[in-house]
Amino acid sequence: MTAPVSEELPVEELLESGQRKMEWARQHMPIMESLREDFERDEPFAGERIGMAMHVEAKTAILTETLAAGGAEVAITGCNPLSTHDDVSVALDAVDGVTCYAKRGVDDEEYYEAIEAVIEHEPTITVDDGGDLVFAIHEEYPELIESIVGGCEETTTGVHRLRAMEADGALEYPMFAVNDTPMKRLFDNIHGTGESSLASIAMTTNLAWAGKTVVVAGFGYCGKGVARKAAGQNAHVIVTEVDSRRALEAHMEGFDVMPMAEAAAEGEVFITTTGNRDIIVEEHYEAMQDGVVLANAGHFDIEIDIDALDTLAERTYEARDGMQAYEMSDGRRINVLAAGRLVNLAAPVSLGHPVEVMDQSFGVQAVCARELVENADEYDAGVHVVPDELDREVAETKLAAEGIETDTLSEQQREYMESWQHGT
Ligand code: NAI
């Protein structure tokens with residue numbers, strides 16, 4: 001696999017490069033392969049139009065073609081201005097039944113124009129990563145809601161947004177919280193974000209983890225993955241938290257826990273994973289050492305206050321591809337990766353999560369989309385927990401593909417687990 005390819009290449013070269021990336025991903029996505037066989041046979045999405053706003057790279061392309069193989073007409077764009085691979089976008093657009101509007105490096109206006117282009121296909125199902133598509137439909141195109149069966153949301157921040165909409169009585173169609181399933185967050189958020197964020201930072205900086213002091217903001221699913229894997233690479237890890245139990249969990253796992261105001265002076269690499277805003281701000285920049293590296297792995301680019309850094313800095317320059325240096329008047333340099341956008345997808349060298357991990361997350365997306373068309377009547381407007389049997393179906397498909405067998409409960413064991421009469 002290669003890094004995002006420039007859209008300036010001739011279209012045939014983009015197509016060939018994108019198809020090569022998709023082929024590699026396809027070879028490592030057995031859940032998608034199995035679902036694709038089912039979908040080709042049963043055509044569950046015949047007559048449906050699926051609108052998607054996701055990171056357009058090779059794994060997402062395989063989800064998209066799998067949904068199209070089930071009979072859907074699919075329109076897709078990116079969910080982040082920097083995460084699109086233009087070659088994959090071209091290759092995806094060439095797939096039967098798929099129109100792809102994603103382009104890397106778009107400005108805000110172009111980003112939302114592409115979301116509108118997807119909406120113009122009048123989707124009956126939406127698949128979102130961060131909630132921008134659902135939000136735009138509710139704000140700008142409420143007349144489409146009546147014909148929407150439902151949707152699926154991929155990430156923590158998107159689910160937060162949906163729950164906030166639901167609490168305000170503003171969410172008008174059913175949405176599955178794909179993020180909240182075990183098959184998603186125990187693998188994608190923990191291992192995917194952990195591995196790919198560290199890999200992107202290491203490749204962008206060409207610096208070692210061993211011996212570094214790494215500050216991880218947030219010890220949620222993503223933060224745990226980042227902290228544990230950084231420790232696994234022999235970094236000294238400091239965690240910052242606002243939740244007492246998660247702070248305690250980090251402490252009991254052997255990490256130093258302290259407020260960001262203290263950690264700022266100690267860290268050499270900072271990685272934000274909170275899904276919240278203003279995690280690294282002016283007071284922290286003032287305390288930081290020369291040469292620190294800042295990266296964000298949370299969904300939006302609001303965790304590191306880059307405007308404040310820009311104001312404080314005497315000069316700024318591109319230190320390396322994908323990394324901007326901000327030089328303070330006292331000579332200290334603070335380096336920010338990928339403009340504070342999620343580093344594992346938006347840095348020039350980044351590839352997103354490992355393929356196997358996304359096979360699982362997208363397996364849940366695909367079975368949820370199927371559930372929406374098969375059992376639409378069972379879901380009212382609002383955020384829905386993904387039925388456990390669907391999540392298990394994805395896990396079982398993966399285990400079978402890996403050739404891993406498990407024990408099964410005997411009848412006596414099942415009875416025992418369901419009874420309350422047995423005591424000492
Ligand atoms: P989570 O809710 O499990 O964890 C977030 C943690 O941050 C919580 O423990 C919370 O207490 C803590 N936090 C909140 N405000 C804080 C503050 N001011 N200082 C320190 N800690 C604070 O969420 P999860 O699943 O870990 O997701 C985090 C973010 O990462 C979300 O924006 C999510 O959408 C995004 N995400 C990014 C991925 C990627 O590929 N980079 C993949 C999956 C999720």
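**Figure 1. A right-handed β-α-β unit in a predicted model.** Three elements build this unit: strand β10 (residues 269-272), helix α12 (residues 282-287) and strand β11. The unit is right-handed. Strands β10 and β11 run parallel, and 4 bridges join them. Look for I271: A295 in β11 stands opposite.

Figure 2. Buried means under 20% relative accessible area. V292, L294 and N296 point one way. V293 and A295 point the other way. β11 also pairs with strand β14 (residues 333-337), in the parallel sense, over 3 bridges. Here L294 stands opposite V336 of β14.

**Figure 3. Aromatic pairs, including Y111 with Y112.** The model has 4 aromatic pairs. One of them joins Y111 and Y112, edge-to-face. Their ring centres are 4.9 Å apart, with 90° between the planes. Y111 is buried, at 7% relative accessible area. Y112 is partly exposed, at 40%.

**Figure 4. The aromatic pair F176 and Y379.** The ring centres lie 4.9 Å apart and the planes meet at 75°, so this pair is edge-to-face. F176 sits in strand β6 (residues 174-177). Y379 sits in the loop between α15 (355-374) and β15 (382-384). The pair therefore ties together parts that are 203 residues apart in sequence. Both residues, F176 and Y379, are buried.

**Figure 5. Charges over ring faces.** R161 lies over the face of F135, at 4.9 Å from the ring centre. K224 lies over the face of Y221, at 5.7 Å from the ring centre.

How values were computed:
Residues numbered from 1 in each chain as written. Predicted model: local features only at pLDDT ≥ 70, side-chain atom pairs only at ≥ 80, totals over all residues. Heavy atoms only, no water. Buried < 20%, exposed > 50% of the residue type's maximum accessible area, 1.4 Å probe, protein only. Helix = DSSP H or I, 4+ residues; strand = E, 2+ residues; numbered from the N terminus. Pairing = 2+ DSSP bridges. Right-handed = clockwise from strand over helix to strand, strands pointing away. Phe/Tyr/Trp six-rings, centres within 6.5 Å; stacked < 30°, edge-to-face > 60°. Lys NZ or Arg CZ within 6 Å of the ring centre and 35° of its normal.
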